[in-house]
Amino acid sequence: MTQVIKVNLPYDLRTSSDNDVFYKTAHEEQNFILPYCNSCGKYFWPGAIICQHCGSFDVEWKEASGHGKIYSHVEGRFSFHPDIKEYLPIAICSVVLDEGPRVFGRLVNYGEIEKVPYDAPVHIVWLTDDEKGCTIMGWEMD
Amino acid sequence: MNRTDLKNKYSIVGVGYTPQGKVLGRSAASFYLEATMNAINDAGLKKDDIDGLILYRDFPILQGDAMHHTANVITYSLGIRPKFLSQEAYCYRTNINKAIGAIENGTCKYVLIVFAESGRTGHRTWTDEIDLFSSKPYDEYAAYGNISAFTNYAMFASRAMHEHGTGPDLWAEIAVAHRKWANLNPNAIHYSKPLTKEDYLATPFLSWPFRALDATASTDGGRAIIITTTERARELKNPPIMIRGYGSANDTAKGWQLTPGDPASSAAIAGAQAFEMAGLCTKDIGAAQIYDCYTYTVEATLGDYGFFEKKKAADFLTVENIGPGGAFPVNTGGGLLSEGYYMGMTPIAEAVMQMSQRCGDRQLGVIPGTKLPEFMIVSDNGGFYQSNETLILERGK
């Protein structure tokens, strides 16, 4: 069972009807799913009506590992908008999943940002805001 | 048709500036009109000669303006009837392609490209879309806390620290070199504000690994250029600054997905197209005007163009080499970082001014140890390093 951390998010989660199921599944079932192409056998993200790699319409959602490696990370310390001030600092990362796609997320439980190693193995941790009724991706080092 | 058929067929013939920096009480529309008329006057044309008008992206309007600055709204105020109008909806770069295309297909004779803003006085923060867009929040990533262009570029630069060994020490050199150029440019916002590497390193991280001094800032003012055929340009009062080569390309990556050193980056592809059309290589280029929204953008762009090996950027991007008096001048007006943010108009206008020898104390060929370049490379970069138009300009003789 994937760990769920209760948080207060700075803004509502805006999703598209094409990627909605990703966040809904995370929020309701805590499952990590990815769009998968039955034609070329590759995963992609976010969800779309066609495969990002080959353009096929034969795409579906598949359960995925929720494991990957940190590609890049930053730590936001400055309030670019007044509504985010109380939530800072926020570390944000991109993660190359074991299945291939590079996804987005919050880095959690990381200590000092300067010391976070690139390519470090990470796993998914769901960040759930009960009041806003939504869940986003968090990543924690293995 | 072969793209090399267009080599030097088009020229930039006029540049329009406005007061810039913090200019109180002025609408963005007024800067659009002033920059446009100044470019027309600079070229020795009449406003009715402009039959193509292209605007950079439309931003949410700020105090002082009643209307969005769309190309048709600006047209009404100019009192002209252009055959061709266009504007970026967002920050992808298409302007040179569109201008040359509209003339090449016989629609237009003189195409004017303009950007203007009242972002400094109007406090555009680059996140005000959160408040001003009709839907809140404005995208999926806001919930994660990613609400600024700054964050996406910082992610790009952060990975480059790992891939290429870059970092704040190198970016400090870029920031200081730009400031030294700005200190020679009376139009620059930071004309009278010197900056040292120590000053840079003493400032806090806004989004690690970037500081405020790694980024450009919003400005008031506008800037415009006019493109026509080199044949027509020879009848006008300014020496034609010829477009020897140009290229454009767009990436498939999202802003936070950028890959430092990607051989298929928009800058790499657009640059290669421009060099191929021009029949030149990096060794032929005497100076560069690079879209420097962030310090690292200068490193990424020049690296993708092939001016240095990416892991050896620190040997090339020194204050001594790219600053005033250096062997390879970069952003000789101070750039977006230290002169002012007018999108691609900042580097393009500076290139034209340098090559027509109108740059005063910062003029290449006048500063001891420098030469007036025969060829200059110019980048215009949009989105988050995802869209690029590159120009190689040649000084008409």
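## A walk through chains A and B

In strand E8 (residues 241–250) of chain B, B:Met242 is the bridge partner of B:Ser11. Strands here, like helices, are DSSP runs numbered from the N terminus, with at least two residues (E) for a strand and at least four (H or I) for a helix. Before going further, please keep in mind that this is a predicted model, in which local features need pLDDT of at least 70, side-chain atom pairs count only at pLDDT 80 or more, and totals for chains, interfaces and linings use all residues. Residues are numbered from 1 along each chain as its sequence is written, chains are lettered from A and ligands numbered from 1 in the order in which they are written, and side-chain values use heavy atoms, with hydrogens and water left out.

Let us stay with that bridge for a moment. Two strands count as paired if DSSP finds at least two bridges between them. E1(B) also runs antiparallel to strand E7 (residues 220–229) of chain B, this time with six bridges, and there B:Val15 has B:Ile225 as its bridge partner. Buried means under 20% relative accessible area, exposed means over 50%, and partly exposed lies in between (1.4 Å probe, protein chains only).

Stepping back, chain B comes to 14 helices and eleven strands. Its radius of gyration is 20 Å, close to the 21 Å that the globule rule gives for 397 residues, so chain B is as compact as a globular protein of that length. The radius is taken over C-alpha atoms, and the rule is 2.2 Å times the number of residues to the power 0.38. The C-alpha trace of chain B spans about 50 × 50 × 40 Å along its principal axes, and 65% of the 397 residues count as buried. Taking contacts (heavy atoms within 4.5 Å) between residues of chain B at least 6 apart in sequence, 76% join residues at least 24 apart.

Helix H14 (residues 345–355) is mostly covered, with eleven of its eleven residues buried; B:Glu350 and B:Gln354 are among them. After H14(B) comes B:Gln357, whose phi is positive, near 55°. In helix H3 (residues 95–104), seven of the ten residues are buried, so H3(B) is largely enclosed by the rest of the structure. The buried residues of H3(B) include B:Asn95, B:Lys98 and B:Ile100. H3(B) is followed by B:Gly106, where phi is again positive, near 90°.

Now over to chain A, where strand E2 (residues 33–37) has five of five residues buried, so E2(A) is largely enclosed by the rest of the structure. A:Ile33, A:Pro35 and A:Cys37 point one way from the strand, A:Leu34 and A:Tyr36 the other way. E2(A) pairs in the antiparallel sense with strand E3 (residues 59–63) of chain A over five bridges, and A:Cys37 stands opposite A:Val59.

What about the cysteines? The structure holds zero disulfides over all chains, a disulfide being a pair of cysteine sulfur atoms within 2.5 Å. A:Cys40 has its nearest cysteine sulfur, that of A:Cys37, 3.7 Å away, and A:Cys40 is partly exposed, with a relative accessible area of 31%. For B:Cys91, the nearest cysteine sulfur is that of B:Cys293, 9.4 Å away; B:Cys91 is buried at 10%.

Finally, the aromatic rings. Rings of Phe, Tyr and Trp (its six-membered ring) pair if their centres lie within 6.5 Å, and planes under 30 degrees apart count as stacked, over 60 as edge-to-face and the rest as tilted. By this rule there are 32 aromatic pairs over all chains. The rings of A:Phe22 and A:Tyr23 have centres 5.1 Å apart and planes at 90°, so the pair is edge-to-face. A:Phe32 and A:Trp139 also form an edge-to-face pair, 5.9 Å centre to centre with 80° between the planes. A:Phe32 lies in the loop between helix H1 (20–29) and E2 of chain A, and A:Trp139 in strand E8 (residues 134–141) of chain A, so the pair ties together parts that are 107 residues apart in sequence.
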